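Biologist: I have a structure on my screen and would like to learn how to read it. Could you walk me through its features, one at a time?

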Amino acid sequence: MKTRKNLRHSKDKETGLQTLQSSVKWHHIVNSAPSLWDAISRLLSDQAMVLSLNSSFVDPLLQFESQLNIIESSFKMVFAIPSLEKVREMGTSEDDKEDLENLYQSILNMFEETLLILVSKDFYKLQILKDMIIWMNEDTSYLQERVMMIISSVLSFASKKVKRYASIDAPCLGVLAAELSLLCFHNDPLITHQASLGMCYLLWIAKCQNADIEEIKSTMCNSGNHGLLPVPSDTEFLLMDLQQDKTKITQYVGQTLKPSLLTDFVWSLLMRLSSSNCVTAFEASTMLKMTLEYHAHKVTMVSKIVDAIYKQLCEHSSHVMRHTLLRVITLLIRSSPKKVIFQLMDYPIPADNTLLLMWQAAGSESRMAPHVLKTILLILKGKPGEMQDSLMERRRFSLDTTNMMPVAASQALCTLLPISSYKRAVAEFFPQLLMALMLQLFYSSDLRLMIKDRLFYARDALRVLLNCSGLQKVDMALKKKNCWNQFSQVLSHHHRVYLVAKTLSDYNFPQFPETLHYLYKLSVEGPRRSEDSVIIVIFFTELLNNFFKDPFPEEFLVLFRNWVNDPNPAVSKLSLQKIASMAPVINKSNGGIRSMAIYHFGELLKDMSQYPWILNDMVTGGLVPLILFLEDTEIRVAKACKYTLKICASELNWSTSYLLKDKHHNFELVVLNICKNLLISHESYITNLISDTLGFLRSSRIYLRRASVILIGYLTKLGSHLLLREEIEVMLDAIDPVLRDEDPVIRELAEITYRDFKEMSLKLTSSNFKQIFRRLFSLIYLKKLKPLYNWPDNLADSL
């Protein structure tokens, strides 16, 4: 008894044998139709090779590729033969004409039988039909109607065969559906009819592929239906054919194809937009937009599609094609905003005109504005230039392993925020956008060393945010204060953050309640990076200073008590600085907090003495408040500063400790000595110390304002060779209000400092040679430098 496999193999051999036997009676017409005789001979040979590969143990992929090559050769030979009318004309008698017609039909039948045999054993090989359509479209001289008849016949066969399989593997259905759907609108009605029938059978196969076949058969048995799986009737599909209804086709396709196949369908139509055939491109455009209009949520590989659109737009596409591609972006943003936005970030910066068009298309869908902004805010949590630690993190970035997406996100906001439909979403996310851009401004100031062009899109986006939120006066005020032009300077960045917060407060910006709530939330939860805390503390405190004079809310006071003990020295330093400058209510019962934090900082330095590479940063990070609070009116605070400064001097081998003893203590001499030591051992830190001291010029405490004027004077005098003219101008701006201070001593000190700054500004130059000369001169000059202010020993006691 033969097995099923042997029976199928015998049937294949019988098919070829029957054709071979029939060819004997056609031998007499070989001379009248040599092309047909050659075709039948080669087709017999090709069929034998295809079927032998089918029974071999060759790797399935290699097997299919070999079979496809053979079938392509057969296809081009079979469908290049003359039409049936021309074949009949080759006969000299009616018998000859009949034999020629039979030979002609046998050639087509043999080609179709080969396909049926392949598909009956493996639904994967339906992919050959897709390739047949491609071959057919490459040369219009082929018998296209006959090609389509064979394709619909094979699909009909497969739709009936599908019930025998528990599951089927037909990954080509999406691409094949796209090709057939376009042919449903062919100008030849016969081709249109066959394509419509083929679509009918294909959708039935796809429906069975999605469903549980056993469940369907069980349902049929229970209902008394024991026949074949039903297929859509010709009448039902002919109605589609006659109406040529694109809406109905896309509806069936979208509902029937599973996501991976629908994605193939969409991708194929997308590729057809660039077809040289204008009709095909137009039909593909219409079908693509209609499919995504209702079924975009099922489409996968969105990033790949967006990237393909970008590449097509970069080419010289037609106006119609450009409109379609941008519309696809709009439709995809509805269902996959995060995927679209992340892909749009994954291009070099600055964005080119093509990318800006895509941003505008993404922003045209007003319903998705909140989702778009949420995604952008997620990206803005990243730090530009930050290296990605793992493959999972860096897989989205095309620029090596460096994350530049936040810069792209900032530029995107410049395009999206002004869109009128985004107004409500911008109002909803104002606090988050405000702080995200403030942090990006901080990151961008460090980024300038990494890239040639200064890409301050965060600054531009912040200005756009203010203008879109009804805060045009704030933007103009900051412009007059030269704030926007100086955000690129690291030295003045903290001052600019303060300036933005202060200006917002001065204009009583209406978004204050939600902004304060968001800042409080950030402060409680804690930011991702320690450097973020610095910006948050500055901004948060300035808002509180301007809106809460007395009484000061206890929940906010708790935050400052926590911040003075923060492990980040910069946060602790700013907390001390801000506590000193806040309203009187926060300055009661806080001498203990200040002294405790300073003692704590000293003990921390002792613990870190074994890590000298960290110790330097820690010492210089907390040095400014330690020096200034030497003049604190509370003795316990001053003692704590002396204690911690002695530790600093010991760890850094400075000759300053003796000056900190009570009988020798003179604030100006201590400052002069510390600055000299800094210039010798830690020259590179001087600009940061100057920036830290600027903040204390606004203190509500007289002694801190006096002390800060002296400290900044010496730091600048001894470190002038490290500064640029623009940085001196920033300090001139900062010292200018102090010239009108209520305290006469402070005014006198400020005048001395201001004159020194003016002299330095005139001498500054960008010449490298002169810079080196000035540095050498400063090392000689510091030995001869005498006190500038003649600060008396007992002045602090008189405050």
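**Reading the fold**

Modeller: Gladly. Of the 799 residues in the chain, 55% count as buried. Keep in mind that this is a predicted model.

Biologist: What does the secondary structure of the chain come to?

Modeller: The chain has 40 helices and two strands. Its accessible surface comes to about 36,300 Å², and carbon and sulfur atoms make up 54% of that.

Biologist: How much of the contact in the chain with a separation of 6 or more is between residues 24 or more positions apart?

Modeller: Such residues account for 74% of those contacts.

Biologist: Are the residues of α6 mostly covered or mostly open?

Modeller: The general idea first: an α-helix has 3.6 residues a turn, so residues three or four places apart point the same way. In α6, nine of the 12 residues are buried, so the helix is mostly covered. Those nine are Gln127, Ile128, Leu129, Lys130, Asp131, Met132, Ile133, Trp135 and Met136. They pack against α3, α5, α7 (144-161) and α8 (173-183). Helix α28 is mostly covered too, with 14 of its 18 residues buried.

Biologist: And what covers the buried residues of α18?

Modeller: The cover includes α15 (302-314), α16 (319-335), α17 (337-345) and α21 (405-416). Helix α18 itself spans residues 353-363, and its buried residues are Thr354, Leu355, Met358, Trp359, Ala361, Ala362 and Gly363.

Biologist: How should I think about a nonpolar core?

Modeller: In soluble globular proteins, nonpolar side chains tend to be buried together. Here the largest nonpolar core has 184 residues, and Leu126, Met132 and Phe539 have the most contacts inside it. Leaving aside neighbours within four places in sequence, Leu126 touches Val119, Val154, Leu155, Ala158, Ala170, Cys172, Leu173, Leu176 and Ile205. Another core, of 61 residues, lies apart from the largest one and includes Ile674, Ile686, Ile710 and Ile735.

Biologist: Now the aromatic rings. How many aromatic pairs does the structure hold?

Modeller: There are 12 aromatic pairs. One of them joins Phe79 and Phe111, edge-to-face, at 5.5 Å centre to centre with 85° between the planes. This pair links distant parts of the chain: Phe79 is in the loop between α3 (60-78) and α4 (84-89), while Phe111 is in helix α5 (residues 94-121), 32 residues apart.

Biologist: Where does a charged end sit over a ring?

Modeller: The charged end of Lys246 sits over the ring of Phe185, 4.4 Å from its centre. Likewise, the charged end of Arg698 sits over the ring of Tyr498, 3.5 Å from the ring centre.

Biologist: Last one: how do I compare distance in sequence with distance in space?

Modeller: Take Thr503, which lies in helix α26 (residues 493-506). Thr503 and Val474 are 29 residues apart in sequence, and their C-alpha atoms are 6.3 Å apart in space. Beyond neighbours within four places, Thr503 contacts Val474, Ala477, Leu478 and Lys481. Thr503 counts as buried, at 0% relative accessibility. Pro625, in helix α33, gives you a second example: 53 residues separate Pro625 from Ser572 in sequence, with 9.6 Å from C-alpha to C-alpha. Pro625 is buried, with a relative accessible area of 4%.

Conventions: Residues numbered from 1 in each chain as written. Predicted model: local features only at pLDDT ≥ 70, side-chain atom pairs only at ≥ 80, totals over all residues. Heavy atoms only, no water. Helix = DSSP H or I, 4+ residues; strand = E, 2+ residues; numbered from the N terminus. Buried < 20%, exposed > 50% of the residue type's maximum accessible area, 1.4 Å probe, protein only. Contact = heavy atoms within 4.5 Å. Areas by Shrake-Rupley, 256 points an atom, 1.4 Å probe, with all protein chains shown as cover. Phe/Tyr/Trp six-rings, centres within 6.5 Å; stacked < 30°, edge-to-face > 60°. Lys NZ or Arg CZ within 6 Å of the ring centre and 35° of its normal. Core = buried A, V, L, I, M, F, W, Y, C linked by side-chain atoms within 4.5 Å.
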